[in-house]
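Please view the sequence and the model together while reading.

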Amino acid sequence: MLNKSNIDKLFIDKLKSFQASPDEKVWRKIERQLKKKKQKKGIPIWWSYSGIAALLILGFFLFPISDNEFNEIENNVVSSPKQLNIKKELLEKKGNRNLNNANKIYTAEKKIKVSSQKENSSSKKMTHDSKNNFQIALLEKNKIKQFIQPIAIHIENTFNIIEPKKLKNKTKGLDFSKEVKDNIAMLLNEEKKNAKKKKNWSISPLIGLLNSNSYTKSSPVSSSLSNSTKGDYTYSYGLQVSYQLNRKYSVQTGLHFQEISYQNKNLIVALSNINSSNINFDTRTNFDMIELNSNVETSVNISAANIVSRNGNLNQRYGYIEIPIEIKYNLIEKNSFKTELIVGASSLFLNENETTLETESFSSSGKMNNLNNINFSANLGVLFSYKFDKKWALNFSPMLKSHLNTFNNNSNGFKPYSFGVYSGINLNF
Amino acid sequence: MRLEELIRDCCKNKKSAQSKVYQLYADQLFGICLKYSRNIPDAEDILQDSFLIIFNKINQFKHKGSFEGWLKRIVINTAITKYRESKHLYFNEEILLNKPSSENLTIETPEIGLDFLLSSIQKLPNRYRLIFNLYVLDNYSHRDIAKMLNISEGTSKSNLSRARKILKKKIENYSKPIENK
């Protein structure tokens, strides 16, 4: 009966000390491999010298790169994914291929730089033919990915810059191992993904502090107030949307609420029968307003009897819904800081118009009657932004906005502008 | 030449020493290769790879324990590396297992040839073959086998019993014709 131990015993008896003579070819194969190894060991010493020499020469070619595309490569410093780490070490030696001559390969943004080498005729040990033999080390971000078929360095003309999409064509017909083919395919895929991932849009809530003023010394209210008009500080808030066209240009638009405000202080206020100012007061009263210290005779006819206050304040407030359209030009971009020039125009839609006259005894509100409902401004400014994330950035922009169509004809030559400082947080997607 | 000198010369990559070591141990190691492999070509590959590893690592041999044992370990490890991955059961096995077991059969002791036994082992599914060899012929414990093959002890035990079942069926089928005479 065959049970467990019987079976075991059967096999043990017959097979435990089993020996057999292998065919002679086995030893011959072993001998051959041992010979190969022995020969290989003899090479490295003087090859490594030539390797180092070649590296140094390569270095000469590499570092004075003035090519625009490679401006971002700084010596041995990687400070952003766009930049590279230029490693000076030899690439790892692999297996039974002679990899003593290292190549330096870079990826810079979307370009893969490949060092192509031709066979040095003094290398007797090389058995592959030189035509089309490529040495490709594919650097993925900062890691050395794969290395194949190295040959001696040919000093002149060692650079080929190959864009990833052309890599496939350039390497067609070359016999690579599956591993390298996979790596190439993977790199090409990553290129595609990166292109898709690019964040062109950005949205940013914005708050601005504005100061209003005029290019001319006058007043839209009345010519009698020319010297006393002072701009106030006001706010603007809104949402900005920006789209990146290319590395240098982007466009932006948005929706903002903007306020402009002017003040005239220390006014002599008198009642009047006729409306000599451009204000329509709600109470349908008419006031004459004159600046203190002005030449009373020149402007308005006031009789002392009608004076109601010698210390009046007039405050004008206009509010607009602003829709800007602007172009941004990238002046400087370094590390995460970006400086852009902004030029554009805004459409302004009047949505607030309030003027208040205040004295010790009363206050009266009204509206400016010479304001246009639709206004435009010419905008000029600079945008400073700091990118602290792939998605987020802080921005800060001083801007000058000249209003072009604030008033109808009746404005005494008042040319308002606002100078504001805006800041916000950008979300990129 | 004493073994120590021989080993030292191998460390220096002396061809004559390497050749001598091969002469001394090839037959024994090839026997092991055959038991662990599926066929002769596989066995030859394992022998070749093993010797290359042996000559490569001979300077790591610390003279602790027997040289022969060290050589065997290398061969076994090479075989395991080659066959460890295989997970598939051979189709034959399923069929064999479904046949009713004939426990009551008394077998007259026919001379079951060494060739037949060897080929039965070689036809086992890879993992079963490894485990049968390791446990029955080379006396490794289930615990060690589990570590070497990266499986659980339970798997090792159940694989062994299945291996035995298959071998038993094979032997029974081999013996039957004799019985019917």
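Predicted model: local features only at pLDDT ≥ 70, side-chain atom pairs only at ≥ 80, totals over all residues.

Residues are numbered from 1 along each chain as its sequence is written, chains are lettered from A and ligands numbered from 1 in the order in which they are written, and side-chain values use heavy atoms, with hydrogens and water left out.

**Extent of the interface**

- Chain B brings 37 residues to the contact and chain A brings 28 residues, where contact means heavy atoms within 4.5 Å.
- About 3,300 Å² is buried between chain B and chain A, and carbon and sulfur atoms give 67% of this area; buried area is the accessible area (1.4 Å probe) that two parts lose on being put together, summed over both.
- Of the area that chain B buries against chain A, 17% comes from B:Tyr22, B:Gln48 and B:Arg164, more than from any other three residues.

- Three salt bridges cross the interface of chain B and chain A, each being a side-chain nitrogen of Lys or Arg within 4 Å of a carboxyl oxygen of Asp or Glu.
- B:Glu44 and A:Lys25 form a salt bridge, with their closest N and O atoms 3.5 Å apart.
- H2(B) gives the largest share of the side of chain B that touches chain A, namely eleven residues; helices are DSSP runs (H or I, at least four residues), strands likewise (E, at least two), numbered from the N terminus.

**A pair of packed helices**

- Helix H1 (residues 4–15) of chain A packs against H7(B) at an angle of about 80°, and their axes lie 10 Å apart; axes are lines fitted to C-alpha atoms over the stretch in contact, and angles run from 0 to 180 degrees between N-to-C directions.
- H1(A) and H7(B) are therefore roughly perpendicular to each other, a term for angles of 65 to 115 degrees.
- A:Asp8, A:Phe11, A:Ile12 and A:Leu15 of H1(A) meet B:Phe132, B:Val136 and B:Leu137 of H7(B).

**Salt bridges overall**

- Over all chains, the count comes to eleven salt bridges.
- A:Arg317 forms a salt bridge with A:Glu352, the closest N and O atoms being 3.9 Å apart.
- This pair links distant parts of the chain, 35 residues apart, with A:Arg317 in strand S12 (residues 307–334) and A:Glu352 in strand S13 (residues 337–358) of chain A.

Notes:
Parallel < 35°, antiparallel > 145°, perpendicular 65-115°, else oblique.
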